[in-house]
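Hello,

Here is the structure I promised to pass on. Please open it alongside these notes.

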Amino acid sequence: MPMPRERHADSADADGSLNGYSNGGRSKIIRAIDDEGGTTDAKYPHYLPVWDHAEQLPPLEPYTHHDPGKNADPSFKDLLHEGVTARKLTPTTGTEIFGIQLSTLSDAGKDQLALLTAQRKVLVFRDQDFADLPVPQILEFGGHFGRHHVHPTAGVPEGYPEIHIVHMRQSPADKNDFAIFTAGKNSTVLWHSDVTYEEQPPGTTILYALELPDVGGDTGFANTVEAYRRLSPVLRERLHGLRGVHDGISQVEPYYRDGRLVRRKPISVEHPLVRTHPVTGEKALFVNALTTHIVGMKKEESDMLLGFLNNHIARCLEHQVRVRWEPGTVVLWDNRVTAHTAIVDWDGRQRRHLARLTPQAERPFETPYVPEEQ
Ligand SMILES: [Fe+2]
């Protein structure tokens, strides 16, 4: 009988496949391709997730993050050059850009890419060659934006733990990921920022399409700077100085219990509820599904305030965009000033397969409340 599989906040956007079981201890390397009978019709089989149980990593060391956006020429002359068109998705959030091949950007262009991502929160590029490039070249590109994060539990392409795989479909065998994930829920929507349980969560984050369903599987993004600005000055001021606990330990408990891969011992961290972006200086709400409670508050108070803030981020379409994936699409978001959710609505017989680069950024910090700031 198959073991029940739990889904965590961080993977609830299809951040990782549900596999990774230890196969009753018989195998130390779990490959998604084995779920498919040892052969696959995946378009990018070398990107199918693998869980190597021998891979045990030490705690993450602090590192000094120099945000490339700080070096950027604000004229964007090395990014938005002649022939490039940029179309805003909404007034405040998201821009779709045509006419750039990201893999050919100079370092100056990448710096400007970091700045534009911070300003617009989400950038969508079409017709990119990322999926067909050698993985080391992709890693070199992503490394410009920070130290690659290696996810504690997610499946990775064999030999490349810095690439985070998003892979979900209904398996022909009884390991029916898609159906198990969606069963018993009215909605699987779960707004979150990625791996905020780390001391230095990701900043500029990159997700590229490998294989997509015909329709569906869009990703929703919420602008948490706008979410902050929409609060009353009274509440904004009160939030300053408060800290939230982002608990990576409870997230990983079911992995230990079920014998799934845990690469690195999980930790629990405190981050400010309002963080300041190191380049734009903008303040953003920094709470999400990974925030378990607010330091110093009693449970009911904390639950009420976190519930309100998470609901506020989730419900305001005014600060959200919905990105439709196409073959060749690459999406960048600034994980410090956004939340996102997968939209699990596609025909589960079709594969949704994407790859993520998750460069870490600075430790979240806050700057004082400014009354007149809008
Ligand atoms: Fe995510």
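Predicted model: local features only at pLDDT ≥ 70, side-chain atom pairs only at ≥ 80, totals over all residues.

Residues are numbered from 1 along each chain as its sequence is written.

**The sheet.** Seven strands form an open sheet with mixed pairing, in the order E3-E4-E5-E15-E7-E17-E6. Strands are DSSP runs of E, at least two residues, and helices are runs of H or I, at least four, both numbered from the N terminus. Two strands pair if DSSP finds at least two bridges between them. E3 (85-88) and E6 (163-168) are the edge strands, each pairing on one side only. E7 (residues 204-211) and E17 (residues 352-357) run antiparallel, joined by five bridges. Glu211 has His353 in E17 as its bridge partner.

**The helix.** H2 (residues 107-120) packs on this sheet. It touches E4 (95-98), E5 (122-125), E7 and E15 (330-334); contact means C-beta atoms, placed from the backbone, within 7 Å.

The length of H2 agrees with expectation, because 14 residues at 1.5 Å a residue should span 20 Å and the end C-alpha atoms are 20 Å apart. The expected span is 1.5 Å times one less than the number of residues. Lys121 follows H2, with a positive phi near 75 degrees.

Best wishes

Technical notes: Contact = placed C-beta atoms within 7 Å. Axes fitted to C-alpha atoms, helices over the stretch in contact; angles between N-to-C directions.
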